[in-house]
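Here is a briefing on one protein chain. Please look over the sequence and the model before reading on.

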Amino acid sequence: MREVLEFDFSKLNLRGAITGTIALAIVIVFIGELGTSVIAAGLAALFVVAGGPADTKRPDWNSLLLVVAGGLVTLAVGYSADSVVWATITLTLVTLLATLLALRGKRAATMGVFGVLWAVIALSLGATADTAAELSLAFVVGGAVALFAMLLASFSKSTAMEGIEDNNGAEDEDDVAADRRASPEAVHRARVAIVKFAIFRALAVGACIYLGYTWFPEHTAWAALTFVLVVKPPPHQTVVVGVGRMLGTALGVGIGVLTALLAAGNTPVLVAVFVAAAYLMLATGKVNAAISTMWTTVVLIVSQALMAEQATSAGWQRLLATLLGVAFAFLIIVIMNAVAGQRQEKPPIAPVSPPSNASD
């Protein structure tokens, strides 16, 4: 509990939050004009840049894979979204394949995380058979623009390059070096652990999607999105983030619903609260998970009130979906520990955390 309540105010980003809030306002305006394709393109660009190599900042084949696979995943999600069974199967398979990318190294694993995150986000954006092609094209275009921008940035720094680099084809140099130092038995155990985790993770996402369709028909992807964002390395961090998200969600639901009830029909007040909560959400993103989640939840609940939706119903669904997603995250950790026979093995969860505030 002490870690849950720790605040790192050195990571308070007030200046960046101003830029982010302005960008959010612009996106909201564009949503009304251009639809969710703007979000798809923006997230594609964000994921490609965020997942790029930290040393060179140049796109590699893993970056290109994310762009292409993201477009295909969007089509698969969209054409299966109308059926709870097919949506469950699709998200399960996407999660399984994306998690197995960890077998190719950390960079590929990172792109796998963003791939799973995008699959869930595409479902939450309302992807259907009618909008699948549009969202898919938007994701590919946004990702391609990001790749081109990264290439230009590399040229501007006079970095020697020839097209898109491969980073050793399949694995990072650090991964290759580590494998050479490790014994064949250790490498085999690590790879088996990745496969086991991929299976359990895929089944958990599938279960979250199925229950989302059954219990939260208006917000089918919330539970799965929570699960994906909560599961973080090392395992004990999953507990810290999970408890933080539960606490933050409960507080956020209370504040959001109370605001919606007190300011019912008063659009200027609701807009002011929405903007203030969005600013605080962005400013506290790395300060404390509970506080950031609280403001994220306020944004979601107040946005429902602005769209003349039932804020109370949305609040309860948000809280229950969060509890469900966190419960599955905890269950995965327990199962992995049991399968490992209480050995001190760290499940091969993604090496980086996705930008949680971008969509949740």
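This is a predicted model: local features need pLDDT of at least 70, side-chain atom pairs count only at pLDDT 80 or more; totals for chains, interfaces and linings use all residues.

Residues are numbered from 1 along each chain as its sequence is written, and side-chain values use heavy atoms, with hydrogens and water left out.

**Overall fold**

- The protein chain has 13 helices and zero strands. Helices (H or I, at least four residues) and strands (E, at least two) are DSSP runs, numbered from the N terminus.
- The order of elements from the N terminus is α-α-α-α-α-α-α-α-α-α-α-α-α.
- Of the 360 residues in the protein chain, 46% are buried. Buried means under 20% relative accessible area, exposed over 50%, and partly exposed in between (1.4 Å probe, protein chains only).
- Among contacts in the protein chain with a separation of 6 or more, 81% join residues 24 or more positions apart. Contact means heavy atoms within 4.5 Å.

**How the helix pairs are described**

- Two packed helices are described by the angle between their axes and the distance between the axes.
- Axes are lines fitted to C-alpha atoms, for helices over the stretch in contact, and angles run from 0 to 180 degrees between N-to-C directions.
- Angles under 35 degrees count as roughly parallel, over 145 as roughly antiparallel, 65 to 115 as roughly perpendicular and the rest as oblique.
- A crossing is left-handed if the near helix is turned anticlockwise from the far one by less than a right angle, and right-handed if clockwise.
- Ala, Val, Leu, Ile, Met, Phe, Trp, Tyr, Cys and Pro count as nonpolar, Asp, Glu, Lys and Arg as charged, and the others, Gly among them, as polar.

**α3 with α4**

- Helix α3 (residues 61-80) packs on helix α4 (residues 84-100) at about 160°, with the axes 8 Å apart. The two are therefore roughly antiparallel.
- Their crossing is left-handed.
- Val73, Ala76, Val77 and Ser80 of α3 make the contact with Trp86, Ala87, Thr90, Leu91 and Val94 of α4.
- That contact of α3 with α4 has seven nonpolar, two polar and no charged residues.

**α3 with α5**

- α3 also packs on helix α5 (residues 106-124), at about 25° and with the axes 9 Å apart. This makes α3 roughly parallel to α5.
- α3 and α5 cross in a right-handed sense.
- From α3, the contact includes Asn62, Ser63, Leu66 and Gly70; from α5, it includes Arg107, Met111, Phe114 and Trp118.
- The residues of the α3 and α5 contact divide into 10 nonpolar, five polar and one charged.

**α8 with α9**

- Helix α8 (residues 184-215) and helix α9 (residues 222-230) pack at about 150°, with axes 7 Å apart. α8 and α9 are therefore roughly antiparallel.
- The crossing of α8 past α9 is right-handed.
- Arg201, Ala204, Val205, Cys208 and Ile209 of α8 meet Ala223, Ala224, Phe227 and Val228 of α9.
- The α8 and α9 contact has eight nonpolar residues, no polar and one charged.

- The expected span of a helix is 1.5 Å times one less than its number of residues.
- Buried residues of α3 include Leu66, Val67, Gly70, Gly71 and Val73.
- Helix α12 (residues 289-306) reaches 26 Å from its first C-alpha to its last, close to the 26 Å expected for its 18 residues.
- α12 is mostly covered, with 15 of its 18 residues buried.

- Thr88 lies in helix α4. Thr88 is buried, with a relative accessible area of 14%. Leaving out residues up to four places away in sequence, Thr88 touches Gly206, Ile209 and Tyr210.
- Thr322 is in helix α13 (residues 311-339). Thr322 is buried at a relative accessible area of 2%. Beyond four places away in sequence, Thr322 touches Thr226, Arg245, Met246 and Thr249.
- Tyr279 is in helix α11 (residues 267-283). Tyr279 is partly exposed, with a relative accessible area of 25%.
- Not counting residues up to four places away in sequence, Tyr279 touches Leu14, Ala17, Ile18 and Thr21.
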